[in-house]
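This report goes through a single protein chain, from its overall make-up to a few individual residues. The sequence and the three-dimensional structure are shown first.

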Amino acid sequence: MKKMMIGLSLALSITIWGQKTPAKTTNLTPYSYQTFNCDNKGYFDPAKYKKEEIDGVNKLLYQFSGVVFDTRPVFKLSQLEEIRQNRETYLQDLEKQYQEKKKELYSIQVIDLPKWKKLQEETIQSFENEYQLNKEEIMAYSDPSTLKNSRYYTTCREQIEAISSPDREKMYAAWRTYTELKSKNNADPKAVMTRFDTKMNDPQKEDYALIDMIGLGFHNCANSSFRPKRDDEGTSYKDFDKIFTKLKRTCDEP
């Protein structure tokens, strides 16, 4: 029973030691933060770091990383009709989010080191680009020609020219090419193309094409053009953890 209790305790709580010899915490400041499914508590040296600067890096890593805006996806005809009917409301909601989040993001203080300054710059750039992309998509669902003025025209010229072209056959051809490429990465390519053929024979095929070409083709192209390179090793998160000594991490079971 004693061994079982020890094993369970180790499974739920992991202690990370930043130094080989545990540092005295008398002159250190405690700091707690959450990382995904874990609660973390450690100590930092106030002679090296300010709490508000640590808070700033924490926000960049865990609050402003990835997708920042809450948007309504468009995958069905009913959703397309809704965004067209309520375009101005959608744009106003996006603008409200933008102003609120911008105020917080731009006021963040970070630790005065190149890696954290770079993270801040990249986060701001992604934030601005994500906002612009969402705005362009909302407008394009009602008027595809607006994409001719897109910030991403040079990067996504092929997709934009097909979507905004008055020649609908050009868009249908691009839609078919896009779907064929997508089907190759699907477990059932034939089923993907069968669904496509059904949509192509539907009276509302133009709307189906716009849903895929704007919400997937254009979106994926533009989105990948401004996102920072993925850090598979989690270097930034590990560097953040190194700020603290005697760091204890308690994680929920998956």
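This is a predicted model: local features need pLDDT of at least 70, side-chain atom pairs count only at pLDDT 80 or more; totals for chains, interfaces and linings use all residues.

Met213 is part of helix 9, which covers residues 205-226.

Which residues does Met213 touch, once those up to four places away in sequence are set aside? They are Ala162, Ile163, Ala174, Trp175, Tyr178 and Phe218. Thr179, which is 34 residues from Met213 along the chain, has its C-alpha atom 9.5 Å from the C-alpha atom of Met213.

## Overall make-up of the chain

The protein chain contains 10 helices and 4 strands. Read from the N terminus, the order of these elements is α-β-β-β-α-α-α-α-α-α-α-α-α-β.

Of the 254 residues in the protein chain, 36% are buried. The chain exposes about 16,100 Å², and carbon and sulfur atoms supply 50% of that area. When contacts between residues at least 6 apart in sequence are considered, 70% of them join residues at least 24 apart.

## The nonpolar core

The largest nonpolar core comprises 55 residues, and the ones with the most contacts inside it are Ile54, Trp116, Phe218, Phe240, Ile243 and Phe244. Helix 9 gives the most to this core, contributing 9 residues.

## Packing of helix 4 against helix 5

The axes of helix 4 (residues 87-106) and helix 5 (residues 114-142) come within 10 Å and cross at roughly 175°. Because an angle over 145 degrees counts as roughly antiparallel, helix 4 is described as roughly antiparallel to helix 5. Sorted by class, the contact of helix 4 with helix 5 has 11 nonpolar, 3 polar and 6 charged residues.

On the helix 4 side, the contact involves Arg87, Tyr90, Leu91, Leu94, Glu95, Tyr98, Lys101, Lys102, Leu105 and Tyr106. On the helix 5 side, these meet Thr123, Ile124, Phe127, Glu128, Tyr131, Asn134, Lys135, Ile138, Met139 and Ser142.

## Two residues with positive phi

Most residues other than glycine have a negative phi. Phe36, although not a glycine, has a positive phi of about 55°, and its place is in the loop between strand 2 (29-35) and strand 3 (38-44). Is Phe36 buried or exposed? With a relative accessibility of 69%, Phe36 counts as exposed.

Lys246 likewise has a positive phi, near 50°, in a residue other than glycine. Lys246 is found in strand 4, which spans residues 245-251, and its relative accessible area of 39% means that Lys246 is partly exposed.

Not counting residues up to four places away in sequence, Ser225 touches Tyr152 and Thr155. The C-alpha atoms of Ser225 and Cys156 are separated by 9.1 Å, while these two residues are 69 residues apart along the chain.

Definitions and conventions. Residues are numbered from 1 along each chain as its sequence is written. Side-chain values use heavy atoms; hydrogens and water are left out. Contact means heavy atoms within 4.5 Å. Buried means under 20% relative accessible area, exposed over 50%, partly exposed in between (1.4 Å probe, protein chains only). Accessible areas come from the Shrake-Rupley method with a 1.4 Å probe; for residues, only the protein chains shown count as cover. Axes are lines fitted to C-alpha atoms, for helices over the stretch in contact, and angles run from 0 to 180 degrees between N-to-C directions. Angles under 35 degrees count as roughly parallel, over 145 as roughly antiparallel, 65 to 115 as roughly perpendicular and the rest as oblique. Ala, Val, Leu, Ile, Met, Phe, Trp, Tyr, Cys and Pro count as nonpolar, Asp, Glu, Lys and Arg as charged, and the others, Gly among them, as polar. A nonpolar core is a set of buried Ala, Val, Leu, Ile, Met, Phe, Trp, Tyr and Cys residues joined through side-chain atoms within 4.5 Å.
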